[in-house]
Amino acid sequence: MKSWKVKLDELKKEVYALYLAYHHPRTPWYAKVLAALIIGYALSPIDFIPDFIPVVGYLDDLIIIPAGIALLIKIIPKDILEECRAKSQSDLLSKKPKNWIAATIIVLIWLLAITLALSLIWPLVFKTI
């Protein structure tokens, strides 16, 4: 059980380091575009293969996102990535990063989707004669 916790902590540090690298001024534009695409795909409710299809639905998430992250690690210059890893290590030891803006945007997107779905379904269900 301890090895899973260690690996999870390493993953948190690496993801936060990639976040820092995305905001680093010397990170090439193409790495920033790839990072935005990976994050967008990971957070998007739209997938290449819908998640409701058993097993296969999650397969694209298990292949595309890690492959994109691996590619991102390769194209970010080593010195920038090491600098961001060191900052990630120190930040995570000193405090927990919070991104309330991103969380608020995601919640608003879900609320908008639910509202849209209800506005389309409501007239069909409660149709008056």
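# A tour by selection

Select Tyr16 and Tyr19: both sit in helix H1, three residues apart, about one turn of the helix. Helices here are DSSP runs (H or I, at least four residues), numbered from the N terminus. The model is predicted, so local features need pLDDT of at least 70 and side-chain atom pairs count only at pLDDT 80 or more, while totals for chains, interfaces and linings use all residues. Residues are numbered from 1 along each chain as its sequence is written, and side-chain values use heavy atoms, without hydrogens and water.

**Stop 1: the rings**

The structure holds two aromatic pairs. Tyr16 and Tyr19 are stacked, because their ring centres are 5.9 Å apart and their planes stand at 15°. Rings of Phe, Tyr and Trp (its six-membered ring) pair if their centres lie within 6.5 Å; planes under 30 degrees apart are stacked, over 60 edge-to-face, and the rest tilted. Colour the two by accessibility. Tyr16 is buried at 14% relative accessibility, whereas Tyr19 is partly exposed at 37%. Buried means under 20% relative accessible area, exposed over 50%, and partly exposed in between (1.4 Å probe, protein chains only).

Next, select Trp29 and Tyr30. Their ring centres lie 5.8 Å apart with planes at 85°, so this pair is edge-to-face. Trp29 is exposed, at 66% relative accessible area. Tyr30 is partly exposed, at 42%.

**Stop 2: the largest pocket**

Now show the largest pocket. About 980 Å³ of space lies in it. Helices H1 (2-23), H2 (29-43), H3 (56-75) and H5 (100-125) each give two or more residues to the lining. Which helix gives the largest share of the lining? H2 does, with seven residues.

Colour the lining by type: 21 residues are nonpolar, three polar and one charged. Ala, Val, Leu, Ile, Met, Phe, Trp, Tyr, Cys and Pro count as nonpolar, Asp, Glu, Lys and Arg as charged, and the others, Gly among them, as polar.

How is a pocket found? On a 1 Å grid over the protein atoms alone, a pocket is an open set of points where a 1.4 Å probe fits, with protein on both sides within 12 Å along at least five of seven lines; lining residues have an atom within 4 Å of a point. Grid points are joined across faces, edges and corners, and the volume is the space filled by probe spheres set on the points.

**Stop 3: the nonpolar core**

Select Leu18, Ala21, Ile38, Leu72, Ile76, Ile80 and Cys84. These have the most contacts inside the largest nonpolar core, which has 16 residues. Such a core is a set of buried Ala, Val, Leu, Ile, Met, Phe, Trp, Tyr and Cys residues joined through side-chain atoms within 4.5 Å. H1, H2, H3 and helix H4 (78-94) each give two or more residues to this core.

Zoom in on Leu18. Beyond its neighbours within four places in sequence, Leu18 touches Ile69, Leu72, Ile73, Ile76 and Leu81. Contact means heavy atoms within 4.5 Å.

**Stop 4**

Go to Ser88, in helix H4. Is Ser88 buried or exposed? Ser88 counts as buried, at 0% relative accessibility. Leaving aside neighbours within four places in sequence, Ser88 is in contact with Lys13, Tyr16, Ala17 and Leu20.

Ser94 is also found in H4. Ser94 is exposed, with a relative accessible area of 57%.
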